[in-house]
Number of protein chains: 2
Amino acid sequence: MSTEVGLPYSPELTVDEANAEAFARLDGADPWVVDVRPAREVLPGYRDNLVLTSGAPMAWADYTGGQREALIGGALFEGLARDRADAIDGFATGRIEIGACHDYSAVGSLAGIYTASMPVFVVENRAHGNVGFCNFYEGKEPRRLNYGCYDEGVHERLLHVNSVLAPVVGEALRRRGGVALKPLIARALRMGDEVHSRNAAASILFNREILPAVLDMVDDKVPGVRETMLHLAENDYFFLRLSMAAAKASADAMVVPGSTLVSAMAFSCRGFAIKLAGLGDTWFEGPPPIHEGKLFAGHTEDEITWMGGESPITETIGLGGFAQACALSLQEYQGGSPEVMIERNREMYAVTHGENSTYRIPLFGFRGTPTGIDARKVLETGVLPVMDVGLAGRDGGQIGAGVIRAPRECFADALAEFDRRFPGR
Amino acid sequence: MSTEVGLPYSPELTVDEANAEAFARLDGADPWVVDVRPAREVLPGYRDNLVLTSGAPMAWADYTGGQREALIGGALFEGLARDRADAIDGFATGRIEIGACHDYSAVGSLAGIYTASMPVFVVENRAHGNVGFCNFYEGKEPRRLNYGCYDEGVHERLLHVNSVLAPVVGEALRRRGGVALKPLIARALRMGDEVHSRNAAASILFNREILPAVLDMVDDKVPGVRETMLHLAENDYFFLRLSMAAAKASADAMVVPGSTLVSAMAFSCRGFAIKLAGLGDTWFEGPPPIHEGKLFAGHTEDEITWMGGESPITETIGLGGFAQACALSLQEYQGGSPEVMIERNREMYAVTHGENSTYRIPLFGFRGTPTGIDARKVLETGVLPVMDVGLAGRDGGQIGAGVIRAPRECFADALAEFDRRFPGR
């Protein structure tokens with residue numbers, strides 16, 4: 001079901017050679033956003049009764065808290081159930097199916113809910129021919145479906161995305177012939193973004209890219225254009241979903257048997273998980289991530305809850321926490337000092353295969369971002385990959401932001417399996 | 001002729017008190033761009049035969065090289081002379097007048113040529129009631145009137161500004177009710193700009209501010225809107241003229257008798273000059289600035305020439321070189337390493353009165369930019385104010401960019417005069 005692209009199995013490759021190949025494929029990725037379509041039309045193998053969510057796949061009974069609430073909300077939004085009880089029954093009986101976003105070439109933000117009608121960005125990796133997807137940002141309101149909330153306001157905002165914003169952005173992209181995301185992200189890194197927790201520059205750069213098409217659409221009296229452009233102009237977080245789709249399309253090209261580089265990081269309500277480029281679709285699960293955060297006023301540490309998240313796909317390709325020295329103004333949003341952020345970013349060179357040839361850090365004299373997490377190096381050094389994330393509260397909604405670290409266990413398990421699969425490498 | 005605003009002379013103020021007052025007025029300035037109008041309509045006391053240029057006022061005979069060429073080009077562009085010889089005769093006989101931009105509440109980029117028909121940004125300082133002006137950026141072409149060039153291409157581009165770009169931007173600003181520049185600049189500092197040699201973020205933030213009005217104008221079939229928006233979207237340097245006008249409107253509010261803070265820095269083909277907030281309109285001249293730069297491919301050091309420049313008004317109010325730690329990607333454009341840029345920026349705290357309460361540096365933990373250059377501190381410490389500037393070539397055109405330092409002599413002369421004017425302070 002995945003559109004991951006792999007090389008033919010090559011028993012001759014050493015781990016170093018396999019990693020060099022996986023890194024080259026990641027570093028050479030060329031993601032373009034070309035369209036916006038409903039999930040049912042473009043996600044490979046999508047069914048109308050399917051709801052996707054973040055993290056390694058689990059049985060319905062294992063989904064708890066906000067992630068469970070988000071799944072129920074998704075079913076209600078899509079009209080797959082009459083009410084909450086019917087939705088729960090639907091999931092329990094299998095009438096409503098649950099899938100893992102990654103298995104459909106998609107990535108989900110926080111709880112990461114996809115339903116059939118939801119519009120998704122279609123991002124082609126033009127260097128390797130595979131495609132990655134991500135659905136839309138719901139807006140600034142802390143109560144959002146992907147933060148485990150579902151009520152009339154959430155419903156209205158999701159409908160607005162489906163009926164107004166997505167059609168306009170989709171048409172602009174088709175008229176424009178697509179937008180190359182790699183140079184846009186590279187430019188945003190010079191403008192204070194790391195395109196995970198800060199997307200202010202990338203969002204307006206994206207708006208600028210579609211502006212010529214948008215002006216034509218105003219001329220052509222296409223409905224909703226003005227409203228959409230004003231919405232985009234006000235939502236500094238809009239681009240995150242594009243950086244996630246670009247990252248997914250880039251990381252999926254890494255699959256090289258025998259490589260110990262990480263090709264995905266994600267979490268669910270149960271814990272954190274990674275994939276290795278050399279071990280295909282297998283997830284290696286560990287406990288929830290370790291966090292240090294900054295909470296919005298009125299919230300406390302004990303409210304923090306894990307309800308999923310696949311935006312660490314950005315760190316997987318050398319962005320987000322791996323480029324946080326580009327985005328020092330995040331100190332205000334997620335806590336920490338410039339010194340800590342810079343040191344944390346520098347530390348990531350110890351666990352990565354190489355330096356990105358496109359994504360560069362002005363503060364480090366345009367050194368490429370640390371790219372391609374090597375599970376072996378994580379175990380050898382004990383340095384755990386960092387990620388810039390939003391923090392969810394146990395009652396739903398976003399309550400803060402912070403930095404998390406991947407737990408060591410996933411890397412140890414992945415390498416143990418690697419040794420079984422590739423003995424003697 | 002100036003619209004500078006001063007306090008009544010107050011013999012009781014100590015220098016420290018006067019400086020505190022001047023700093024408070026600078027720090028409290030609230031510049032808004034509200035309109036675009038031809039220079040003749042809004043610059044106080046403008047005459048149709050007047051050409052303005054950068055630096056302390058001089059006689060025609062003292063203008064040499066590129067600045068002289070730029071004056072001649074301005075006269076030709078405005079139709080004040082039939083040809084080059086007639087223009088020279090016009091300046092020599094006084095039929096064509098020359099003025100200093102600063103005397104008309106305006107600031108000029110490089111040679112800084114203004115003629116009667118040229119559109120200018122009108123920036124109101126809403127905290128103090130005074131107004132500052134700056135004319136438009138000519139575009140990316142290295143051959144520009146303000147770099148001492150005048151030919152058919154320069155003429156066409158200037159006409160295009162007059163007839164297409166300026167009317168559209170002006171109408172958008174009037175429909176929008178003006179744009180507050182201070183929060184926009186503060187935001188740009190978080191996005192990699194210092195709004196002197198880097199304006200990439202500020203330019204697109206400005207475009208975003210006028211977008212609602214622009215979309216209405218497309219609906220209303222106002223001519224030239226599409227063309228103007230695409231031009232703006234492609235010109236990362238567009239905002240410089242707005243930051244200069246904002247800086248002029250802010251600095252002009254500093255005039256406080258008895259203050260040793262610098263209220264203007266500018267240069268001409270002859271040399272560098274400063275004004276003090278406590279000494280009104282008097283310029284204190286010194287030799288040309290000291291420079292370290294990076295030249296565009298194919299150019300050499302010996303080509304560098306001084307043909308004027310008043311963009312250091314940005315440094316005067318705590319931006320540009322005084323905020324270069326915000327804009328580390330400038331290392332590529334103007335040379336230097338991140339370490340040098342950071343150290344240079346930090347050094348400016350030794351010569352400034354205080355820290356800006358709005359313009360802040362993420363890398364310094366959001367410390368306010370060093371603001372309000374105190375001539376006494378420059379002399380005491382020997383630390384010379386830095387400025388990020390474009391470099392002009394002796395044959396006209398931009399040949400590079402770099403960092404310059406104000407010469408010590410102006411500060412010594414200004415303080416000598418200060419001692420005569422305010423004995424015993």
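The tour goes from the pairing of the chains to a helix and then to a sheet.

Begin with both chains of this predicted model and superpose chain A on chain B, for which a rotation of 180° with 0.0 Å of shift along its axis is what is required, leaving an RMSD of 0.0 Å. That is the relation of a two-fold axis. To find where this axis passes, select A:Met191, whose C-alpha, at 2.1 Å, comes closest to the rotation axis of the residues of chain A. If you then colour the interface, you will see that 100% of the interface residues of chain A are also interface residues in chain B, so the copies meet through the same surface.

Next, select helix 12 of chain A, residues 338–347, and show the side chains of its buried residues, namely A:Pro338, A:Met341, A:Ile342, A:Arg344 and A:Asn345. Looking down the helix axis, you find these buried residues within an arc of 160°, so they line one face of the helix. What covers them includes helix 11 (330–334) together with strands 10 (290–295), 12 (352–361), 13 (367–373), 14 (386–393) and 15 (398–405) of chain A.

Now turn to the open sheet of chain A, in which four strands pair antiparallel in the order 10-15-14-11. Strand 10 and strand 11 (304–305) stand at its edges, each with a single partner strand, so one side of each is left without a neighbour in the sheet. Finally, zoom in on strand 10 and strand 15 of chain A, which run antiparallel and are joined by six bridges, and select A:Gly293, which stands opposite A:Gly402 in strand 15.

Methods
Residues numbered from 1 in each chain as written. Chains lettered and ligands numbered in written order. Predicted model: local features only at pLDDT ≥ 70, side-chain atom pairs only at ≥ 80, totals over all residues. Heavy atoms only, no water. Least-squares fit on C-alpha atoms with pLDDT ≥ 70 in both. Contact = heavy atoms within 4.5 Å. Buried < 20%, exposed > 50% of the residue type's maximum accessible area, 1.4 Å probe, protein only. Helix = DSSP H or I, 4+ residues; strand = E, 2+ residues; numbered from the N terminus. Arc of directions from axis to C-beta. Pairing = 2+ DSSP bridges.
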